[in-house]
Amino acid sequence: MTRPLPAATTLARPVRPSRLCLAVAQVCIVLGMPTAAGNAQAGGGATASVASAQTAIRAGERLSDWLLRNPPGAGDDPAALAWQVPSARQAQAELKQALLAQLWSARDLQADETTRQRLADWLRSLPVTGRVPLAIVDARWLQANPDQDPILAPGHALVLPQRPGTVTLLADDGRPCAVAHRPGTQARGYLQACIGEAASEADMAWIVQPDGRVQRFGIATWNAEPQSEPAPGAWIWAPRRSAAWPEDFSDRLATFLATQSPTPIAARAAPTQTTTPIAARAAPTQTGTLASAPVGATPVAIPPSDPTSAAGAHDERPIAAHAAPTDTTAPAPPPVGATQVAISPSDPVVARPGVPTANDWGFIGLLQTPTARMSPAGELRFHLSRVEPYTRGSVVAQPFDWLEAGFRYTSVSNRLYGPEIAGSQSYKDKSIDFKLRLAQETAHTPALAIGMTDIGGTGLFSGEYLVASKRSGDFDWSLGLGWGYVGNAGRVKNPFTWFDDSFAEREEGAGGGSGGEFSASNYFKGRTSFFGGVQYAPSDDWVLKLEYDGNDYQNEPQGNNQKHDSPFNLGVVYRYASGLDLTAGLERGNTLMLGLTLHGSLADLTVPKLLDPSYPRPLSTYPAGPTDWARMSAEFAEQTRWSVREVRRQGTDLQLVVEEPYTIYLRDRIDRAVAVLHLHAPADVRRFVLSFHERGMPLTDWVVLRDEWVARQTRYRAHAEQFEAVVAAEHWPAHSQEKLWAGPAERFSTGLEPSYSQSLGGPDGFILFQLGITAPTELRLADDTWLSGRANLGLIDNYDKFEYDGPSNLPRVRTDIRKYVTESDLTLPTLQLNHVRALGTNQYASLYGGYLEPMFAGVGGEWLYRPWNSHFAFGIDLNHVRQRDFDQHFGLRDYDVTTGHATLYWHTGWENTLVKLSAGQYLAGDRGVTVDIARQFDNGVKMGVFATKTDVSAEEFGEGSFDKGIYLSIPFDAMLPFSSARTADIIWRPLTRDGGAMLSRTLALFDLTRLRDRRAGRYAPAGSQAWLALDDDREDGRSIWGELGHTGGWLADKIFSPEAVRPLLLGAGLTGLSATLDRPLADWADEHQGGSWDTLGEAASLIPFGLAAGAGALWMGLADDTASDTARTSLLAAGWTLGAQLATKYAVNRARPEAGLGPHEFRGPGNGGSDSSFPSIHMGVAFALATPFAQKYDAPWLYGLAAATGFGRIQERQHFFSDVVAGSLMGYGIASLLVDEQRSRNGPAITLGADRSLQAHWMF
Amino acid sequence: MLAILACAACSTDSTNISRTFELAYRGGSLADRAAPNPAYRYLRTVVDGRSALLVLGYTDPDPATPDAPPIEVWYSAEGEVVRLQQGRVVGTSGLSTDWRSTRAPDAPTWGSLVASATQDRAAGQALATWQRTRDESAYRSGVIDRISVHAIAAPRGTELAGLAPESLQWFEERAEPIVPPAGTPGAVRLTARYALRVDSGAIEVVYTEHCLGPELCLSLQRWPAR
C-alpha cells in the first residue's frame, strides 16, 4: 500500500506560555505589509505602508470574510498568506533564543566561529512574527470549515505576499542563495544549483514551504524518498554531512524559518556587517550541466533594505515583484539575474524510494537470500512461492520498524507427509522465522540485520544469518554471512571457530525430536557461506534481482538434494498493484521460480464511515429554552451507540452516566457525544462529565470544557491560545447532584451474524473450514449481572475430510478438536451467568458459571487490581471446569480440572506495547508461564505473539514442543463503513496440542476495564487529523540505540582523556590494595558455608536484580519524570558496565575461588573467559544502578545496599575481594560519568546577548 | 469481507452488515437514492465508483476576468469545495489532490466549440488549443498544460445517469504537460470529457469527467437529470 506523501509537520513544539495579557495594538494589516526586520519583538505589528478601510481587518471578522473582501490578485500568493498573532510570539522568541544558544553553547556543533557568527547575526536580524500556519487559504472552503477559519482580533496581522519566482537555499555556511523556481524540481536540484557537486554530501533536506509548513526528506543516494517539491518562496536547509549540524538544530531552524515570510530575505544591516547579500547563481553552461560557481562569484545585487527603515521595516515583496508582470495568465518570469535551474538528464532529481520486496521465504530480501531491509511497521504480507520441490506459503508481519517475524508452511512435493497419517499428501513443514535490524543505514554504513529461519519448528530449514544492505540510488546491494540452511554450501570456514572449535559442527534435527525446541546450542554453527546480491528498481513497477546463493542444495533436509548448476539466481518482480507483487526467477541455474505476494499496511487500515449518521455540526451559539432530555438521549444514542443511564446536574457541571462505552475510536465518539450535548444542554452548563461505566462498574470520567470544545470546533486559534478541552480523569463518585433524567437499561439483545472457522496445514487437508451463522444473545438481570450465550449453526464445511486426531501424552483437553467440530452442526459454544463488581477504587472482581467455552464448562472468578492510568495491573483468575460432550450441548464428560493464573499486565510505554505474564495451572494440569507481547498501532490494530512453557517436557508435549502462536486483532472500526466496538481476532497456532492450554474465558476483567487507562483515548482512524496529530505526541529524543551510541561516545571521550588518568590510577591502586584481603576473605568464605550463610549469600547476590527491577519500573513511569530520567541513566550505566566487565573478564580470565586455585590464577584471553572471576559483574551492575539515584537523591545508603552484594558474591565463593572492589569501582565510575552527561544535557546554556547581557537557557 | 466472516465477535447490528454488503457489491449508490431538496442545485459526483451529491453554495465572479462567466462553488457534506466555470473544473479545496489558481484565459467558449464542431474537419483535428496554468496541492506550482479540445461521439462506460448519451453533444479535452514536461513524476496527460445539452441555442454543460491527477478522477452531473 503506497503511503501518501508525508504530510507537512511542525517539527518543534512551541512552548506554551502562561496566559499573558495581549497587547492591545493598532489593528493592522495589509497586502505586502512590511515587517520589523531588526526588531525581534515587534513581529508584524509595524505600521502599514498601504492601508485602507477595504484592506484593514475588522476586529471580529473571520479570515474568510476578509479574503472575500480582498480577493488575491494576479501575482499574489494566497497559499503564503501569513497570519500573525501576538500570542504566538513568545514561543517563537524562545525558539529563536534556543537557536542562538545552541549556536554558541552546544558541544556537538562543529561549525567554525565565522559560520556561527554569520548565522547568528542573520538569525538575530529575523523578526519574531507570531505567524500561525493556516490550513487552506480559500474563503469558500474556510466558510464550510469554521474550525480552520480564524476570527481576527486586535493585534493580529495578515501579510499577503507576492509570489516570488525563487526558492531560497540557506547553505550550511550561513549564506542564503536564491534560485529561480522551476516546476518539477526537487530539493536536490536547487542544492546542486547553489553548491554544485557538494550537493551529493547532503543527506537530509528541510523544506520550509511558503504556507509555513516544514517537511523533511532524505535526498542522498542512500536515503532518497518521495518528496514534495519546494514551492516558490520556499526555504531549503540541507546541510552537508561534513558540516555536522545536529538534527535538532536543523529541526529548530526550519521551524523558525517557517515563521518568516516566504520571500528571500534582503541583506540586513547586521552590526558586524558580515552578512552577505544573496547571490544568484550563474546560468548553466550550454551542455546543460550546472555551473559550480562558488558563493558570490557572480553576485547579482539584490536591492538592500530601504535605509530609511531604521526600525528594520523593509520591502516585503520579493525581487520578482520588481519586474513588471508581463502576463497574468502565465507565471511571472524569473527575476532579472536569477538563475534558471538546468536539470541534466543524468541528475537524480527524481527521488525514488527503496523498494522492499519479498524473497522466496516471504521475508524482505532478494530470492533465496535475505537483505537487511524492512517494511514499515504495521505491514502484513501473504506470500506464496514455488521452486521445485518446495512450495512455501508465508504470513509475515512487521510489528516494529526493526522486527520482521512470521510463520511459514513449506510443502515438499517429493516427500510424503507419511502414509500412516495422511495418505498421499505431500510433507508439510511449519516454521517460524524472524529478522531483527541491528543498525540503520547511514551515509557511510550499511543497514545491518540478524535473522533466524525455522526456529521453534522441526529445524529442517533452520539457519542464521547476518546481513548488511547499502543503497545507491536505484540499486540496493546486500552482503551477508549465513549458517545452517542459509549457508549450506559451506564455502567458508565458520568464523566462530576462532573462539571455539565446537562451532564447526551443527547438530542434526535442531528442532528436537518433537520439533519446536529452540536449540540454542546449534545457533551459528555448522556450514557457513557468504551470500549477497543486488536489486535494481528502474521504475516504480519493476524490480530486478541478482543474487549469489549461500546454499548449493547438496545438503538438503530429508536427503532431498537438488541439481545445482549455478550459485547465481536471477529474478524480476512486477508490482501489479499497490499491494500485489508477482515474481519470477531462475534459481540454481536450472529451476523456474514463481511467486505472489499480497501485502498491505494494517496500521493504515481505515474505511470512511459512510453508514454513520451525519456528524452534528457544532454552532458557536448556545441553546436557549428547556432541554428535552429524552430527545437528547435518543440523539446521543444514535450518534454514539452509547446508552445514557442518567443525567445529573451539579452547579455548572452536567454529568452523564454512560454504559458500555468502550470503542476503539473513543475520542471521535466523545466528540459526537459532546456535539449532541452542546445542542441540547442549557447555556449555563460549562462542563460535561461523561462518566463511563462498564456493567455497572464506574471506570473513568471524561471531562469536557464546553467553551473550549466549542471554540475548537468553530474557529481556528493559535496553539498558545488553546487548552485541552477533553481530559480523562479518575472517576469521582457523585455528590449532591440533581438527577435530571434516567434512561432505561437495555435488558435483552440478540442478533444473527456470520461465523467462520478454519484449520490450516493439517494432514487431512491444507484448509478445513466451516461457514455458518451464530446468534449471540444476552439477558441482563441487573446492571452487573447478566446471562450470555451463543448458538452456532454450521452451514457449509469440508469436515467430512477431517479424520485425523493428533496424538497426545496428556489429558486431551484440546486435541479432540475434530470431534467437537464434527459431532453436531448445531452447537452452543457458550452459555454462562456473569457477575462483576468494583471493590473500592482500583479493584474489580467477577464471578461466572456455565458453559464457558466450546470444550469446558464450570465456575470461576477473577480479581483484578488496576490503578487509574497505571502502567501496571495485576489479576488472579481461578476456575474449576469439566470437559463438555463433543456435541457442545449440555452434557459433560468425566475429565475435570482446576485451572487459573496470576497475571501481571505491563504497559511498557514503548511503541505502545503491552506485555502480559501469566503463571499458573493449565487445562491439562500442567503448570507454567505464558508470555504475551502485543503492539497496538494508532488505528487500533494489534499484532501479538504468545508462548507458553510448562513443566511438561518437549517429548510429553509432542510435536511442536511447546505452545506458541501469533495473533492479530483488527477493530471493525478500521474495516467497516460504520462504527462498531467489536474486533476481529485472528489467532494462528502452528499446532493444536494439549500442553499449555488456557481456558478461553469470554469475560476478562482487564479487557472490561480498559477505560481505566487514559491511553484508551489515543486511537484514531488512519489518516484523520487526530491520527496525524499522534505523531506530534510521540516522545522526542533518541531511541534506546541512539542513547547507547551517544552515551558510549561520551564515555569513550572521558575515559580516554588526560583527565581520566588520575582516577584510573587511583582505582587500580585501590584494587591492588584490596588484593591483600583476597586470600583471608576466601578462607573465611570456605569456613562459612551451608545453612543460613548460604541463604544470606544468595539473598545478597539478588540485590542487583532487585535494583534492576526497581530501576526498570521507575523508568516505565512508576513515579515521576525525574525518577524516570534517573532510572534511564542507571540502566544505561548498567548496560555499559556489563559490556566493559565482560570484555575485562575475557581479557583477564581469572579463576574463581571455588576452583580452589588461589587468587593468582590468571589464564589470559581465551576459552573460559566468560567464567572469569575478575571483575564482579554483580557488584558492577549494582553500583551502576545505585549510583545515579544515590547522587540525584543524596542517598548514600544506596551505596551500602549495592556493597552488600559483595558479601554474597564472596560467601558464595564466586569472587575474591579484589574482584568485588574492581567491579564496584567500574560501576561507580561509569555511572558517575553518565550522571555528568545527563547534567550537561539538562543544564543551562550560558550565552552573551546582543545587548551585552548574560543569558542562561534551559532546554526541556 | 473475509474479515467479517473470520470474526467470532462481530457487530450485532445486522442492518448495518447488510448495508455494508450492499455498499460493497452495488458500488455505493446511496447518494442516488437521496431525495434532493428542490430549493438547492446539486451535482451528482462519482469517485471510484461511489456517488455523492454536491450542493451549489455560491456563484462568484471570476477574480481574474470580471467579464468571464461566473464560477460555481459546489460543496460536499464534508466541506470540500469544487469550483466549476462553464462546466470546467477550475479549482478544488480539501480533496486529496487540489487545483488552485487555475488560469486559462484563452479557453474558448462552448458556443464557439459547438459551432466549430459542425464544420468539416480532418479526423482527430482539434477544434482549438490553448494553455492552462495552475497550482496543485503538494506544492506543485506553475504547472502548465497545453489543451486541445476534440468533438467526440457519445462514449460508452461513463457515469452519466438518467440521460441518453446520444442526446448530448460530447467534447474531449486532452491536456499535454508542458511545465514540468512529460516524464517528470506527476506530469501526466489528463483527459476531460464534457457532455453538453444544446437546445435552441442554449448550451449547458450537464456532465463533466475530469481527472485532477493520476489518482483522482471524478465525474460531475447536474442533478437530478432532466
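## Report on a predicted two-chain model

In chain A, residues 265-348 keep a pLDDT under 50, and the model has 177 contacts for this stretch beyond four places in sequence. The structure described here is a predicted model. Averaged over chain A, the pLDDT is 82, and 82% of the residues reach 70 or more. Residues 1-53 of chain A have a pLDDT below 50, with 138 contacts in the model beyond near neighbours in sequence. Where pLDDT is low, the predicted coordinates should not be read in detail.

### Domains of chain A

The domain assignment of chain A gives the five domains tabulated below.

| Domain of chain A | Residues |
|---|---|
| Domain 1 | 30-322 |
| Domain 2 | 379-604 |
| Domain 3 | 629-742 |
| Domain 4 | 748-1030 |
| Domain 5 | 1042-1242 |

Between the C-alpha centres of domain 3 and domain 4 of chain A the distance is 32 Å. Their contact involves 19 residues of domain 3 and 23 residues of domain 4 in chain A. On the side of domain 3 of chain A that touches domain 4, at least two residues each come from α9 (666-680), β24 (687-694), β25 (697-705) and β26 (726-730) of chain A. The element that gives the most to this side is β25(A), with 4 residues. Sorted by class, the side of domain 3 of chain A that touches domain 4 has 10 nonpolar, 3 polar and 6 charged residues.

### The barrel of chain A

In chain A, 12 strands close into a barrel with antiparallel pairing, in the order β10-β11-β12-β13-β14-β15-β16-β17-β18-β19-β20-β21. From one strand to the next, the twist averages 20°. One of the pairs joins strand β20 (residues 580-587) of chain A to strand β21 (residues 591-601) of chain A, antiparallel and over 8 bridges. Within this pair, Leu580(A) has Leu598(A) in β21(A) as its bridge partner.

### An enclosed helix in chain A

Helix α5 (residues 187-195) of chain A is largely enclosed by the rest of the structure, because 9 of its 9 residues are buried. Among these buried residues are Arg188(A), Tyr190(A), Gln192(A) and Cys194(A). The cover over the buried residues of α5(A) includes the strands β5 (166-170), β6 (176-180), β7 (204-208), β8 (214-218) and β9 (235-237) of chain A. Just after α5(A) comes Gly196(A), which takes a positive phi of about 60°.

### A hairpin and a loop in chain B

Strand β5 (residues 88-93) of chain B is mostly covered, with 6 of its 6 residues buried. The partner strand β4 (residues 81-85) of chain B pairs with β5(B) in the antiparallel sense over 5 bridges. Across this pairing, Gln85(B) stands opposite Arg88(B) in β5(B). The hairpin of β4(B) and β5(B) has 2 residues between the strands, and Gln86(B) in this hairpin takes a positive phi near 55°.

A further site in chain B is Ala104(B), located in the loop between β6 (99-103) and α3 (110-117) of chain B. Because Ala104(B) has 18 C-beta neighbours inside 10 Å, this residue counts as partly exposed; a buried residue would need 20 or more. Leaving aside residues up to four places away in sequence, Ala104(B) touches Trp130(B) and Arg132(B). Asp67(B) lies 37 residues from Ala104(B) in sequence, and the C-alpha to C-alpha distance between these two is 14 Å.

Key:
Residues are numbered from 1 along each chain as its sequence is written. Chains are lettered from A and ligands numbered from 1 in the order in which they are written. This is a predicted model: local features need pLDDT of at least 70, side-chain atom pairs count only at pLDDT 80 or more; totals for chains, interfaces and linings use all residues. Two strands pair if DSSP finds at least two bridges between them. Axes are lines fitted to C-alpha atoms, for helices over the stretch in contact, and angles run from 0 to 180 degrees between N-to-C directions. pLDDT is the predictor's confidence in each residue, from 0 to 100. Two residues are in contact if their C-beta atoms, placed from the backbone, lie within 7 Å. A residue is buried if 20 or more other C-beta atoms lie within 10 Å of its own, exposed if 12 or fewer, and partly exposed in between; C-beta atoms are placed from the backbone. Domain bounds come from an automatic or database domain assignment. Ala, Val, Leu, Ile, Met, Phe, Trp, Tyr, Cys and Pro count as nonpolar, Asp, Glu, Lys and Arg as charged, and the others, Gly among them, as polar.
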